[in-house]
Amino acid sequence: MEKSEMNIVARFMAQAPVNLEEIFAELGITFEKLFMDDASGSITRNGDKFIVTVNALESETRQRFTAAHELAHYLLHRDLMGDGKRMHRHIDTLYGGGEQSGDVIFKRSHEIEANRIAAQIVMPKALLTKKYAATPNAALLASDFGVSKAAMEIRLKALGLTSEFAD
């Protein structure tokens, strides 16, 4: 992960909801929403170009988290997607289908790491802590950050801001 890329991501993490499409644009990543049968999203490398795709059939909040998950794969794991001389694709299945087709296999640890980073991107600690102090309501915060209530509750608990899930 390059420092300049992290600076781009960090700049957008100052305001909720984090504008993922602008992050992709500044990083030169093509972002698209397509109808997908068994996948939430994918990241494809074709030479030096990357394409992130999310499933247009899923909720907006799910699409946002999936986009952030694929962004995390780009930032942390793109070196696993080959040397850029041929096309490589990683697909995230809807229900954790496990192994990937082709010669690119992300391990469970890569998926866990991508989920952790995705949560940090769409629900930045500093911004969330500030907003939680003013509005300690998971449903309202979820709406502000463009994530599901369940994702917000998990993040609040992970940050130690709450131990109980309340409305």
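This is a predicted model: local features need pLDDT of at least 70, side-chain atom pairs count only at pLDDT 80 or more; totals for chains, interfaces and linings use all residues.
Arginine 78 sits over the face of tyrosine 74, at 4.2 Å from the ring centre.

The overall layout comes next. The protein chain holds seven helices and four strands, and from the N terminus on these elements follow the order α-α-β-β-β-α-β-α-α-α-α. Of the 167 residues in the protein chain, 45% count as buried. Among contacts with a separation of 6 or more, 57% are accounted for by residues 24 or more positions apart.

How many aromatic pairs does the structure hold? There are two. In one of them, the rings of phenylalanine 24 and phenylalanine 31 have centres 5.1 Å apart and planes at 10°, so this pair is stacked. Phenylalanine 24 is buried, at 0% relative accessible area, whereas phenylalanine 31 counts as partly exposed at 22% relative accessibility. Phenylalanine 50 is buried, with a relative accessible area of 7%.

Five of the seven residues of E3 are buried, so the strand is largely enclosed by the rest of the structure. Strand E1 (residues 30-34) runs parallel to E3 and is joined to it by five bridges, with glutamate 32 standing opposite threonine 53 in E3. Strand E2 (residues 39-46) pairs with E3 in the antiparallel sense over six bridges, and here asparagine 46 stands opposite lysine 49 in E3. E2 and E3 form a hairpin with two residues between them. Glycine 47, in the turn, has a positive phi of about 70°.

Threonine 66 lies in helix H3 and counts as buried at 4% relative accessibility. Leaving aside neighbours within four places in sequence, threonine 66 is in contact with Ser40, Gly41, Val54 and Glu58. Histidine 73 is also found in helix H3, and at 0% relative accessibility histidine 73 counts as buried. Not counting residues up to four places away in sequence, histidine 73 touches Ile43, Arg78, His90, Asp92, Phe106, His110, Glu111 and Ala114. Arg78, listed among these contacts, is the arginine that lies over the face of tyrosine 74.

His110, Glu111 and Ala114 bring helix H4 into view, as they are among the buried residues of that helix. At 1.5 Å a residue, the 15 residues of H4 should span 21 Å, and the end C-alpha atoms are 21 Å apart, which agrees.

In soluble globular proteins, nonpolar side chains tend to be buried together. Which members of this core touch the most other members? Of its 41 residues, they are Leu20, Leu71, Met123, Phe145 and Met152. At least two residues of the core come from each of helix H1 (3-12), helix H2 (20-27), strand E3 (49-55), helix H3 (60-77), helix H4 (108-122), helix H5 (125-134), helix H6 (138-145) and helix H7 (149-158). H3 gives the most to this core, with seven residues. Methionine 123 touches Leu128, Phe145, Val147, Ala151, Met152 and Arg155, not counting residues up to four places away in sequence. Phe145 and Met152, both on that list of contacts, are themselves among the core residues that touch the most other members.

Methods: Residues are numbered from 1 along each chain as its sequence is written. Side-chain values use heavy atoms; hydrogens and water are left out. A nonpolar core is a set of buried Ala, Val, Leu, Ile, Met, Phe, Trp, Tyr and Cys residues joined through side-chain atoms within 4.5 Å. Buried means under 20% relative accessible area, exposed over 50%, partly exposed in between (1.4 Å probe, protein chains only). Contact means heavy atoms within 4.5 Å. Rings of Phe, Tyr and Trp (its six-membered ring) pair if their centres lie within 6.5 Å; planes under 30 degrees apart count as stacked, over 60 as edge-to-face and the rest as tilted. A charge sits over a ring if NZ of Lys or CZ of Arg is within 6 Å of the ring centre and within 35 degrees of the ring normal. The expected span of a helix is 1.5 Å times one less than its number of residues. Two strands pair if DSSP finds at least two bridges between them.
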